[in-house]
Amino acid sequence: MINKIDLINAFRPSVAKHILTCYKAFEYEYTEEDTPPNEYAEKGIKLHKISEDLYNNPKLKIDNTFTKDDINLVKGYVYYIKSIAGENADIAEVEKKVYLEKLSPYFYKDKYGTIDFVAIKNNKLYIVDLKTGRTNVIIKDNYQLYIYAYLAYCEYKNNYNINNIRVAIYQYNRERYIDLKVDELITFIQNNIIVHLDNVFIATSLPSTVQLTCKWCKGKTICKEYLDNLSLF
Ligand code: SF4
């Protein structure tokens, strides 16, 4: 029997959508080994690092092993986040750690996620995520980005007057975003994240649902529900 506190600690914002709607996925996240990052994931990690370095050092020379498209993506992203920071942001940080204990008291204190860029300017909280992959990422009701926005809001709300929130993705050399009211974000997190994390402790099982996000589930190669429904994908 898996300890439910360990299950909670298997939680990561990037896999929140499927593990909070499929209890089996939650267990697989805990029991199945991590697969080594593929070449695309490795490239993504490097591009995030170069973006951070370029943000901090505009004279940085980007190593020429990257393609022109990759270099343009990084430069465009850094230009975009610098334009948000401008001269007068109250806060502007790259690779900002936020701690997950605000979602559930069962998380260890040092359990964190990393936001690519966060800023506060003119009473607005900005959350920006750099996506280096080719899959079109939808922003509306995006569990990962909304969790980041909520955790950043919780961290800053006592020191800054935050009236609304912009959640943005930089992908394909352009930004896309939606604006949320604070109440809207809190309601989403309460109903879709916090309630389900609490349910892990009171329910013997949560719904097991074959869904689009199965493709990111660690258990998909052995999950009977998924394998029986491959034609849907
Ligand atoms: S593959 Fe899909 S149905 Fe199977 S455990 Fe994962 S999320 Fe659930």
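**View 1. Helix α5 lies across β1, β2, β3, β4 and β5.** Spanning residues 68–85, α5 runs at about 50° to β2. Axes here are lines fitted to C-alpha atoms, for helices over the stretch in contact, with angles from 0 to 180 degrees between N-to-C directions. Helices are DSSP runs of H or I with at least four residues, strands are E runs with at least two, and both are numbered from the N terminus. Mind that this is a predicted model: local features need pLDDT of at least 70, side-chain atom pairs count only at pLDDT 80 or more, and totals for chains, interfaces and linings use all residues. Residue numbers start from 1 along each chain as its sequence is written.

**View 2. The sheet is open and has five strands.** The strand order is β1-β2-β3-β4-β5, and the pairing is mixed; two strands pair if DSSP finds at least two bridges between them. β1 (91–99) and β5 (174–181) sit at the edges with a single partner strand each, so one side of each is left without a neighbour in the sheet. On average, neighbouring strands are turned by 30° against each other, direction ignored. Helix α4 (residues 39–56) also packs on this sheet, where it touches β1, β2 (112–121) and β3 (124–130). The direction of α4 makes about 140° with that of β1. Contact means that the C-beta atoms of two residues, placed from the backbone, lie within 7 Å.

**View 3. β3 pairs with β2 on one hand and with β4 on the other.** With β2 the pairing is antiparallel, over five bridges, and Val 118 stands opposite Ile 127 in β3. The β2–β3 hairpin has two residues between the strands, and Asn 122 takes a positive phi near 50° there. β3 and β4 run parallel and are joined by seven bridges; Asp 129 has Ile 169 in β4 as its bridge partner. How much of β3 is buried? Five of its seven residues are, which leaves the strand mostly covered. A residue counts as buried if 20 or more other C-beta atoms lie within 10 Å of its own, as exposed if 12 or fewer do, and as partly exposed in between, with C-beta atoms placed from the backbone.

View 4. Strand β4 (residues 164–171) pairs with β5 in the antiparallel sense over eight bridges, and Ala 168 stands opposite Tyr 177 in β5. Tyr 172 counts as partly exposed because it has 13 C-beta neighbours inside 10 Å. Asn 173 has 12 other C-beta atoms within 10 Å, so it is exposed.

**View 5. Domain 1 meets domain 2.** The chain is divided into domain 1 (1–36 + 203–233) and domain 2 (39–192), with bounds that come from an automatic or database domain assignment. Their C-alpha centres lie 25 Å apart. Eight residues from domain 1 and 10 residues from domain 2 make up the contact. On the domain 1 side, α1 (4–9) and α2 (16–19) are the elements that give two or more residues, and α1 gives the most, with three. That side has four nonpolar, two polar and two charged residues. Ala, Val, Leu, Ile, Met, Phe, Trp, Tyr, Cys and Pro count as nonpolar, Asp, Glu, Lys and Arg as charged, and the others, Gly among them, as polar.

**View 6. Ala 16 is in helix α2.** With 22 other C-beta atoms within 10 Å, Ala 16 is buried. Leaving aside neighbours within four places in sequence, Ala 16 is in contact with Phe 11, Tyr 143, Gln 144, Ile 147 and Ile 193. Ala 16 and Lys 215 are 199 residues apart in sequence and 13 Å apart in space, C-alpha to C-alpha.

**View 7. A shell of 14 residues surrounds the ligand.** The closest are Cys 22, Ala 25, Cys 214, Cys 217 and Cys 223; a residue is near a molecule if its C-beta atom, placed from the backbone, lies within 6 Å of it. α3 (23–31) and α8 (224–228) each supply at least two residues of the shell, and α3 gives the most, with three. Sorted by class, the shell has eight nonpolar, three polar and three charged residues.
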